[in-house]
Amino acid sequence: MTAKGHTVKKPAVYIETTVVSYLTARPSRDLVVMAHQQVTREWWENTLPRCDAYVSPVVIEEAGRGDPAAAALRLKSIDGFPVLDVNEIAHALADEYFTHTRIPEKARADAFHLSLATVHGMDYLVSWNFTHILGASVRAVVQDINLSRGFRTPVICTPEEAMEA
């Protein structure tokens, strides 16, 4: 509550799969990855509780891939978060992002992460995917398409950048 009795809205955060992977993975020997893992844990423990966190069927499907024990850890970490639905608008927007970016077919799901966060009005999309989500050219295309379609673009950032959320 604020001083005037108004409730402060928690920011809505879409958690993309790379964040879940960094949170639950064994510590890396790569110094950059290790630092990202540490930042992710700090963000998850300190910032995320002040937010409304969401995932999607795309996140759940991606988190469930690979080594069964690692997949179980990833899925457990997001268990209980609300799951955004993949509707026709999100499909159409993902197709448009895909058409206008250099996201390869094998990473088409990344266009869905972007569209789902947009269509569902998320304040933030948090990711460590610098290639297909956080890249400047992808963010510019998403912003332009969203502006032309009347959508507000969520802040697309890393957990480190979202620490003050």
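1. Strands S1 (12-15) and S2 (residues 52-54) run parallel and are joined by 3 bridges. Helices (H or I, at least four residues) and strands (E, at least two) are DSSP runs, numbered from the N terminus, and two strands pair if DSSP finds at least two bridges between them. Within this pairing, alanine 12 stands opposite aspartate 52 of S2.

2. The model is a predicted one, in which local features need pLDDT of at least 70 and side-chain atom pairs count only at pLDDT 80 or more, while totals for chains, interfaces and linings use all residues. Residues are numbered from 1 along each chain as its sequence is written, and side-chain values use heavy atoms, with hydrogens and water left out.

3. S1 also pairs with S3 (124-126), in the parallel sense and over 3 bridges. Here valine 13 has tyrosine 124 of S3 as its bridge partner. Ala12 and Tyr14 point one way from S1, Val13 and Ile15 point the other way, and all are buried; buried means under 20% relative accessible area, exposed over 50%, and partly exposed in between (1.4 Å probe, protein chains only).

4. What length should helix H2 (residues 31-46) span? Its 16 residues, at 1.5 Å a residue, should span 22 Å, and the end C-alpha atoms are 22 Å apart, which agrees. The expected span is 1.5 Å times one less than the number of residues. At the start of H2, a side-chain oxygen of aspartate 30 comes to within 2.9 Å of the backbone nitrogen of valine 32.

5. Which residues of H2 are buried? They are His36, Gln37, Val39, Thr40, Trp43 and Trp44. Seen down the axis of H2, these buried residues fall within an arc of 165°, so they line one face of the helix; the arc is that of the directions from the helix axis to the C-beta atoms. Exposed Leu31 and Glu45 are carried on the face turned away from the buried side. The cover over the buried residues of H2 includes S1, helix H1 (17-24), helix H4 (68-78) and S3.

6. Threonine 101 is placed in the loop between helix H5 (88-100) and helix H6 (109-119), and is buried, with a relative accessible area of 13%. A polar atom of its side chain lies 2.9 Å from the backbone oxygen of tyrosine 97, and the side chain of threonine 101 also reaches the backbone nitrogen of isoleucine 103 at 3.4 Å. Leaving aside neighbours within four places in sequence, threonine 101 is in contact (heavy atoms within 4.5 Å) with Val138 and Val141.

Conventions. A polar contact is a pair of N or O atoms within 3.5 Å; within protein, one must be able to donate a hydrogen and the other to accept it, and residues adjacent in sequence count only if both atoms are side-chain atoms.
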